[in-house]
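Hello,

Here is the structure I promised to hand over. Please open it first, then read my notes below.

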Amino acid sequence: MLEIKNLHAEVEGNKILNGINLTINAGEIHAIMGPNGSGKSTLSYVLAGKDDYEITQGEILFRGENVLEMDPEERAALGMFLAMQYPIEIPGVSNMTFLKTALNAQRIAREEGEIKTPDFIKKIKDLSAKLNISQEMLRRPLNVGFSGGEKKRNEILQMALLEPKLCILDETDSGLDIDALRVVSDGVNALRSPERSMLIITHYQRLLDYIVPDVVHVMYKGQIVKTGDKDLALELEEKGYAEYTGEAAA
Ligand code: ADP
Ligand code: MG
Ligand code: MG
């Protein structure tokens, strides 16, 4: 599904990613944990194709194709989805219109034709009910005035609608109370499938109680410094990152 080889990336001359190697097979859920500033969000942006980042070395293969030569829309059409740590607000565009446009852009890129409006409405109603998203939230401008938790639930709504092959979730748990965390986790778990992979970035172990990963990685200073199974997340919760950062535990 995804193969990252010796990936190095810079922003404005600052080296942020320093040789990332990561392979995710179809159906697997990987978690990346690590202290703030380790480069987790940078990795998610580089995968999704956000500009501002200069790739100085390495490669990324997604479903066997070299994604570094693709723009973000092509990556999305191939089935990559990023739920962002800080979802963007678009004042002039209703949430519903945004969702329909995103889905149709993907369908057109795949030569499937636009979705029929009644089909879209039915789909959105079903999915938003599961994610506790009101009709009013669908009519509002995208993310404008949404609470932190509402933005995160709305990211999962987009993801469920687009049915990506690779779901990248960047700190989707931040800003969620315990009930919202469960709603989001149920939404994510409903998308688990042998044909779909997930990369879950989180600062805290809590989310991984609900979305149980196959593999857990620790990232520090732009490198993966440790890989283990779900027990690694529990160990990090208990002991912190000191063992990997070389700093004394607080
Ligand atoms: P994490 O998500 O693990 O907290 P980030 O990927 O957000 O880490 O950031 C990694 C490092 O890169 C931080 O030191 C951050 O300050 C730096 N960084 C990220 N984006 C930029 C940018 N646009 N310009 C300069 N430095 C940046
Ligand atoms: Mg951070
Ligand atoms: Mg981050």
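**Notes on the strands and helices**

An open sheet is formed by four strands, in the order β2-β1-β4-β5, with antiparallel pairing. β2 (14–24) and β5 (65–66) are at the edges with a single partner strand each, so one side of each has no neighbour in the sheet. Strands here are DSSP runs of E, at least two residues, and helices are runs of H or I, at least four residues, numbered from the N terminus. Two strands pair if DSSP finds at least two bridges between them.

This is a predicted model: local features need pLDDT of at least 70, side-chain atom pairs count only at pLDDT 80 or more, and totals for chains, interfaces and linings use all residues. Residues are numbered from 1 along each chain as its sequence is written, while chains are lettered from A and ligands numbered from 1 in the order in which they are written.

Back to the sheet. Strand β1 (residues 2–11) runs antiparallel to strand β4 (residues 54–62), and seven bridges join them. Lys 5 stands opposite Glu 59 in β4. Helix α1 (residues 40–48) lies across β1, β2 and β4, at about 70° to β2. Angles run from 0 to 180 degrees between N-to-C directions, and axes are lines fitted to C-alpha atoms, for helices over the stretch in contact.

Now β9. Is this strand (residues 166–170) covered or exposed? Mostly covered: five of its five residues are buried. Buried means that 20 or more other C-beta atoms, placed from the backbone, lie within 10 Å of a residue's own. Leu 166, Ile 168 and Asp 170 point one way, Cys 167 and Leu 169 the other.

β9 has parallel partners. Four bridges join it to strand β6 (residues 80–83). Five bridges join β9 to strand β10 (residues 197–201). Leu 166 is the bridge partner of Met 80, and Ser 197 in β10 is the bridge partner of Leu 166.

Next, a helix pair. Helix α6 (residues 148–162) packs with helix α7 (residues 178–190) at an angle of about 10°, with axes 10 Å apart. That makes α6 roughly parallel to α7 (angles under 35 degrees count as such). Residues in contact include Ile 156 and Ala 160 in α6, and Val 183 and Val 184 in α7. Contact means C-beta atoms, placed from the backbone, within 7 Å.

Last, the record. An unreviewed UniProt entry annotates residues 2–246 as "domain: ABC transporter"; such annotations may be inferred rather than shown by experiment. Over residues 2–246 the chain is 39% helix and 29% strand.

Best wishes

Methods:
Angles under 35 degrees count as roughly parallel, over 145 as roughly antiparallel, 65 to 115 as roughly perpendicular and the rest as oblique. Two residues are in contact if their C-beta atoms, placed from the backbone, lie within 7 Å. A residue is buried if 20 or more other C-beta atoms lie within 10 Å of its own, exposed if 12 or fewer, and partly exposed in between; C-beta atoms are placed from the backbone.
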